[in-house]
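Student: I would like to learn how to read a model of this kind, feature by feature. Could we take each general idea before the case that illustrates it?

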Amino acid sequence: MKTSYSVTWHDPEGETHVGHLELGATNLRLTESGDRNPIEVGYDELQGVSFRYAENEPQPSLVLYRPGGSYVLTSSVMEAGVVPELVGHLAELRLLASRRAIVVLPLTEGALEHARELAAKGPPFDPAASGLTRHRLLLTSHEAIFEFEAANDGVLEALLGQVDLWAAAAAWRDLIRGPPRLAEVAYAWERMEPTDLAIGLGL
């Protein structure tokens, strides 16, 4: 599939620009003709995408919704099928833009049962209100492994900043034999579910 398209777009302020849309690994780039300072939008910033059909536009527009305002993309040179294909590609890339981290806490000898008791009480925060999309605690005889998954970096950074506090908490103090460390995800696989991005016929 192509990763660069000639487009006209309207920015959140309503101004019109002509240039190119490029799809990268983690973000999209809008570059105005003759401008060396492109606009970059991370896929994790997108709140949704949709079609918009306007009476005075021969082609459907692609609307990119983001917190700072929407970008409306049109092009008289878009061949048939490009906009639907672009929506599907953005949806796939946005799913892959979620943020994951695995934090490993080394446990002292014989601390497993006590760690299980602490785990049964749940985390020291409300997962539903934290912004996480997934959270698990795995235990081995020598480690407590915290797995976090969030939709954006800000949520994850805020929670990871508390890990040292958890390790120093009175309930865990006697169980931890060293500082927490981040584990590298060397391989991962999951079945992608259908995207929940909004694809409609209007705003």
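Tutor: Let us start with burial, for which a residue is called buried under 20% relative accessible area, exposed over 50%, and partly exposed in between, with a 1.4 Å probe and protein chains only as cover. The model is a predicted one, in which local features need pLDDT of at least 70 and side-chain atom pairs count only at pLDDT 80 or more, while totals for chains, interfaces and linings use all residues. Residues are numbered from 1 along each chain as its sequence is written, and side-chain values use heavy atoms, with hydrogens and water left out.

Student: What share of the residues in the chain is buried, and how many helices and strands are there?

Tutor: Buried residues make up 35% of the 203 residues. Helices (H or I, at least four residues) and strands (E, at least two) are taken as DSSP runs and numbered from the N terminus, and the chain has 6 helices and 11 strands.

Student: Which residues of helix α2 are buried, and which are exposed on the other side?

Tutor: In α2, which covers residues 112–120, the buried residues are Leu-112, Ala-115 and Leu-118. Viewed down the axis of α2, these buried residues fall within an arc of 120°, so they line one face of the helix; the arc is that of the directions from the helix axis to the C-beta atoms. Glu-117 and Ala-120 are exposed on the other side of α2, and just after the helix Gly-122 takes a positive phi of about 90°.

Student: How many bridges join β9 to β10, and how many pair β8 with β10?

Tutor: Antiparallel strands β9 and β10 are joined by 7 bridges, with Arg-136 opposite Glu-147 in β10, and a hairpin connects β9 to β10 through 3 residues. Strands β8 and β10 pair in the antiparallel sense over 8 bridges, and in this pairing Leu-105 stands opposite Ala-144. Of the 8 residues of β10 (residues 143–150), 7 are buried, so this strand is largely enclosed by the rest of the structure.

Student: What is found at β11, and is Leu-182 buried or exposed?

Tutor: Strand β8 (residues 99–106) pairs with β11 in the antiparallel sense over 3 bridges, and Ile-102 has Ala-183 as its bridge partner in β11. Leu-182 also has its place in β11 and counts as exposed, at 61% relative accessibility. Leu-182 and Ile-102 are 80 residues apart in sequence and 5.8 Å apart in space, C-alpha to C-alpha.

Student: What is the order of the sheet with 7 strands, and which strands stand at its edges?

Tutor: This open sheet has the order β4-β3-β2-β1-β7-β6-β5, with antiparallel pairing. Strands β4 and β5 (48–52) stand at the edges with a single partner strand each, so one side of each is left without a neighbour in the sheet. Strands β2 and β3 pair in the antiparallel sense over 5 bridges, while β3 (residues 27–32) and β4 (residues 39–42) run antiparallel and are joined by 4 bridges. In the hairpin of β3 and β4, 6 residues lie between the strands, and Gly-34 in the turn has a positive phi of about 80°.

Student: What does the side chain of His-17 contact?

Tutor: A polar contact is a pair of N or O atoms within 3.5 Å; within protein, one must be able to donate a hydrogen and the other to accept it, and residues adjacent in sequence count only if both atoms are side-chain atoms. His-17, in strand β2 (residues 16–23), is buried with a relative accessible area of 11%, and a polar contact of 3.2 Å joins its side chain to that of Glu-32.

Note on methods: Pairing = 2+ DSSP bridges.
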